[in-house]
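Please read the points below with the model open. They go from the whole chain down to single residues.

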Amino acid sequence: MNKVIEGIAYVLGNDIDTDQIIPAEHLVYSLSDPEERKHYGQFALSGVPVNQAGLPEGNIPFTENGQSESKYSIVVGGKNFGCGSSREHAPACMEIAGIRAVIAESYARIFYRNSVDGGFFIPFECATRLVEEIKTGDDLIIDLNVNTITNRSSNKTYDLKSLGEVIDIIEAGDIFEYARKTGMIPSTGRGGN
Amino acid sequence: MGMTITEKILAAHAGKDSVRPGDNIWVNADVLMTHDVCGPGTFAIFKKQFGENAKVWDRDKVVIIPDHFIFTKDTHANRNIDILRQFVQEQSLPHYFDPGTDNYKGVCHIALAQEGFNRPGDILFGTDSHTSTSGAFGMFSTGIGNTDAAFILGTGKLWVRVPETMCFEFIGTFPEHIMAKDVILTVIGDIGVDGATYRAMEWRGDAVMKLSMEERMTLCNMAIEAGGKNGIIEADDVTLDYVRQRTDAPYKIYHSDNDAQYFFKKTYNASEMEPIVAKPHSPDNKAKVSECLDVKLDRAYIGSCTGGKITDFMAAARLLKGKKVKIDTFIVPATREVEQDLYKEKIGGETLMDIFKNAGAYLGDPSCAACLGGPKDTFGRAKDNQVVISTTNRNFPGRMGSKQAYVYLASPYTAAASALTGHITNPAEFINN
C-alpha cells in the first residue's frame, strides 16, 4: 500500500448516488474483459448533472470525450457519497478512470464496503467539509503516515479520520488477500489450484 | 442486556451467544442471490480467486434471478444472460429462472418471496441494494457488491459489522387511502437519505402488523433509501401463512427483547399519516400530496420491486376502474406471478388486466424495466424533461433514463389518482367519494 497519494482534485457535492457515478444503461459491459471495461472509465461520473460536475464552477467533465482515463485522480465529495445501488461497477469505474482515493464527509455503506473489499481505492473520511475548501484542479497530497491531506494549491493541511478496523483489509489489498493472510481461505487457492 | 431481532439473527449465524452494535463478525449465509447485472462480474471474480474449476460452497443456497435488462435488443445485456446460463450449467445450480422460458420470474426481490427463499431467521445476501426487501419476513437481508458475493460463493461466509437498530413504531390504524409507500416516504423524509446509514431499521407496532406481506416488503425495500443496512419486521401469523404456502424449508422466529437497546426510537400515530411524495431529485425530498396539487405530469409509472406487487395493482385498479387515464400510464408487474394475478383478481367482476386496458394504460413485461432507466429500448424509460409520477424507489437525477426528467415518487393510490387527472392528486378524493 502506498503511503503517499498525489493527484489532481475533482470536487463533487452531497449524495452522489451510484446512478450519477455510472448510469444503469452502461452496466451491460464486462468488468473483466480488458477492452470492454474501458467503457466504464469513459462513462465514470457521467450521470452527474453538468452544473454539479467539477465544483465549485461546475460544467467540468470528469473525462474528455471518449477517453477512458481522467486527469483527475482524487475525488473530493460531501455527505453520503455513493448512495443508492449496490453496483460494484461504481467504485470500479472510478478506479478504471484512474481514481486512487476518495475523500468524503461520509459514505453510503455498500459503496464504502465495495471500495474496501474490492480494493479499488481508499475511501477516506474528513471531518472538515473539504468541498468548500478544495477546488477542482487543485493539487493534493495524502500522507498516510500522518493521516493528513494537504492542498498544495492553497498550502492548507487537514486531518483525515482514522481508517479504523478496515485498515487490515486495505493493507492486505482486498478481502481475498485479507482472508488468505488470516488463514480463512488457503493461500494456494488462487488460479485453479 | 437484551438484543434486537437483527442482533439475534447475526449472533446465531456467527455461532455466538450475543453480539453488540459495532462488532465485526463473520456470518454464514443461508442464501446468496444475484441477477443479470451483477452475476457476470461476481462469477468472474469467483473464478479468478478460487480457480476456473472451483465449485460454489452450496449449490442449493445460490439463487440466480435475471430481471434487470431482459426485454432488450442490447447485445451486451443479452450476452450477460448467456454468462448466467453458462455458470448455472457449469455448477449445476438448481435455482435459476431463465428468461424466455416458462420458468422466468421477474424482479428478484419479489420472486425471492414468491419462490419460498424468504424464511424467518435466515440471512440472505444479494447483489442488489433492495435486497433489504426480504427483511419483511423476519430475516436479515442486505445488499452487497460483486466482490463480497464472490467471496460468499467460495466460502459461504461474509464479514458484517453489527448495525445499531433504529425502531419505527406505528400505532393505531392507517387511513384507507394510505399505503406503506406513504409510510416509508414519511420516514425517509424525517431522517434523511443518510439518516439510517449502517443501521438496521426495525418496524414495529400494531399498524405495521396489520399490513399484508406485500406492504411490509415495501417498508423494508426502501430502507436503503435512508442508507439502512437492513429493514426488518418480526415474523407473525401473516408471515407464516405466506411462507408455508411457498416452502417446506425450516425457519426460526426471533423477537427483539423488551430490554433491547435501540439507537433511536420514534412512535407515529398511524391515523395521522397523509399521502406523501418525494419530489425531485431525492427520496428524502418529502412533501404532502396536498402541497403538490399544482404539479402537472406527463406520465405515470406503476411497477418495480417497490410498487409492482399485486396489492399495488389492486390499489391502482380500484381507482382506475371505469375511468380513462389523462397521461401515458405504464403498468409493469414485478413478476410473472403478479402478471398472472392481474388476469385472476377482479374488482366488480372485471379483471385488473381489463381495468388497466380499458383505462388506456400500457402494459409491460415483468422486469425492473424503467425503474432504473436501462438500455435505450426499455419499456417506460423516461425521455427529455418529462415529469413522471412513479411507484418506484429512487428519483436521483437520470435514474429513470433521462437526466432532464423530474420524477416524483408516490404510492400506487397517488400515482393512479394522478394518472386520472394529469396532475398530482390526493387519492382520498377518489376513495372517500
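1. Basis. This is a predicted model, in which local features need pLDDT of at least 70, side-chain atom pairs count only at pLDDT 80 or more, and totals for chains, interfaces and linings use all residues. Residues are numbered from 1 along each chain as its sequence is written, while chains are lettered from A and ligands numbered from 1 in the order in which they are written.

2. Overall form. Chain B holds 15 helices and 20 strands. Both are DSSP runs, numbered from the N terminus: helices are H or I with at least four residues, strands are E with at least two. The radius of gyration of chain B is 21 Å, close to the 22 Å from the globule rule for 433 residues, so chain B is as compact as a globular protein of that length. That radius is taken over C-alpha atoms, and the rule is 2.2 Å times the number of residues to the power 0.38. The C-alpha trace spans about 55 × 55 × 40 Å along its principal axes.

3. Packing. In chain B, 61% of the 433 residues count as buried. Buried means 20 or more other C-beta atoms within 10 Å of the residue's own; exposed means 12 or fewer, partly exposed in between, with C-beta atoms placed from the backbone. Take contacts in chain B between residues at least 6 apart in sequence: 77% join residues at least 24 apart. A contact requires C-beta atoms, placed from the backbone, within 7 Å.

4. Domains. Chain B divides into domain 1 (5-268) and domain 2 (277-431); the bounds come from an automatic or database domain assignment. Their centres, taken over C-alpha atoms, are separated by 24 Å. The contact between them takes 38 residues from domain 1 of chain B and 39 residues from domain 2 of chain B. On the domain 1 side, helix 4 (108-114), helix 6 (180-191) and helix 8 (213-221) of chain B each supply at least two residues. Helix 6 of chain B gives the most, with six residues. By class, this side has 14 nonpolar, 14 polar and 10 charged residues. Nonpolar covers Ala, Val, Leu, Ile, Met, Phe, Trp, Tyr, Cys and Pro; charged covers Asp, Glu, Lys and Arg; the others, Gly among them, are polar.

5. Chain contact. Chain B gives 46 residues and chain A gives 41 residues. Helix 2 (39-50), helix 3 (75-91) and helix 5 (146-155) of chain B are the elements that give two or more residues to the chain B side. Helix 5 of chain B gives the most, six residues. The chain B side has 15 nonpolar, 21 polar and 10 charged residues.

6. Asp148(B). This residue lies in helix 5 of chain B. Asp148(B) counts as buried because it has 27 C-beta neighbours inside 10 Å. Beyond its neighbours within four places in sequence, Asp148(B) is in contact with Arg113(A), Asp117(A) and Leu158(B).

7. Parallel sheet. Four strands of chain B form an open sheet, order 10-9-8-11, with parallel pairing. Pairing requires at least two DSSP bridges between strands. Strand 10 (230-232) and strand 11 (264-269) of chain B are at the edges with a single partner strand each, so one side of each has no neighbour in the sheet. Six bridges join strand 8 (residues 164-171) to strand 9 (residues 199-204) of chain B. Glu164(B) has Arg199(B), in strand 9 of chain B, as its bridge partner.

Key:
Contact = placed C-beta atoms within 7 Å.
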